[in-house]
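This briefing concerns the structure shown below.

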Amino acid sequence: MAKVIVSVAMAASAARVWEFIGGFHALAEWSSSIKSSLPEQGGRVRRLKTTDGAVIAERLQSFSEAERQYSYSIVSGPIPVSNYRSTLRVIEEPGAADCVVEWSGEFDAVEGLEEAMVGVFQHLYESAFVDLKRLMGI
């Protein structure tokens with residue numbers, strides 16, 4: 001199983017960052033690679049449309065407002081991976097005005113594509129964090 005973990009320090013409070021990214025359907029609002037996010041099944045599934053036209057369905061697996069994190073899995077899409085599970089979380093630094101945002105994922109890639117898929121998800125997470133910082137003016 002392949003794993004990708006990307007974290008970024010944010011010069012903002014955990015509460016402020018969570019306001020931007022804490023909604024399961026908010027990804028299209030802060031990541032320029034996602035064109036739209038349509039809720040389905042009472043909001044438990046989001047159907048993402050990427051800027052290159054791909055459609056990916058993802059299911060919310062867990063959500064914690066108190067811990068400022070949620071986990072989800074890919075239900076369908078053109079990405080050559082299976083058993084994809086990801087967590088997005090905002091980590092509060094005790095006594096600090098700053099926080100850390102971490103996006104992690106693990107998956108089984110189609111044979112021979114693991115390295116490429118690790119690169120794809122690493123780039124996706126990193127570029128989304130660049131977008132987030134820009135939108136937040138950090």
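**Helix α3**

Helix α3 covers residues 114–136, and its 23 residues should span 33 Å at 1.5 Å a residue; the end C-alpha atoms are 33 Å apart, which agrees. The expected span is 1.5 Å times one less than the number of residues in the helix. Helices here are DSSP runs of H or I with at least four residues, strands are runs of E with at least two, and both are numbered from the N terminus. The model is predicted: local features need pLDDT of at least 70, side-chain atom pairs count only at pLDDT 80 or more, and totals for chains, interfaces and linings use all residues. Residues are numbered from 1 along each chain as its sequence is written, and side-chain values use heavy atoms, with hydrogens and water left out.

- The buried residues of α3 are M117, F121, Y125, A128, F129, D131, L132 and M136, where buried means under 20% relative accessible area, exposed over 50% and partly exposed in between, with a 1.4 Å probe and protein chains only.
- The cover over these buried residues includes the strands β1 (2–10), β5 (69–76), β6 (81–92) and β7 (99–109), together with the helices α1 (14–21) and α2 (27–30).
- G137 follows α3 and has a positive phi, near 70 degrees.

**Overall fold**

- The protein chain contains 3 helices and 7 strands, and from the N terminus on the elements run β-α-α-β-β-β-β-β-β-α.
- The radius of gyration of the protein chain is 15 Å, close to the 14 Å that the globule rule gives for 138 residues, so the chain is as compact as a globular protein of that length. The radius is taken over C-alpha atoms, and the rule is 2.2 Å times the number of residues to the power 0.38.
- Along its principal axes, the C-alpha trace of the protein chain spans about 45 × 35 × 25 Å.

**Burial and contacts**

- Of the 138 residues in the protein chain, 39% count as buried.
- Among contacts (heavy atoms within 4.5 Å) in the protein chain between residues at least 6 apart in sequence, 49% join residues at least 24 apart.

**Residue D108**

- D108 lies in strand β7 and counts as partly exposed, at 27% relative accessibility.
- Not counting residues up to four places away in sequence, D108 touches M1, P80, V81, S82 and N83.
- D108 and R68 are 40 residues apart in sequence, and their C-alpha atoms are 26 Å apart in space.
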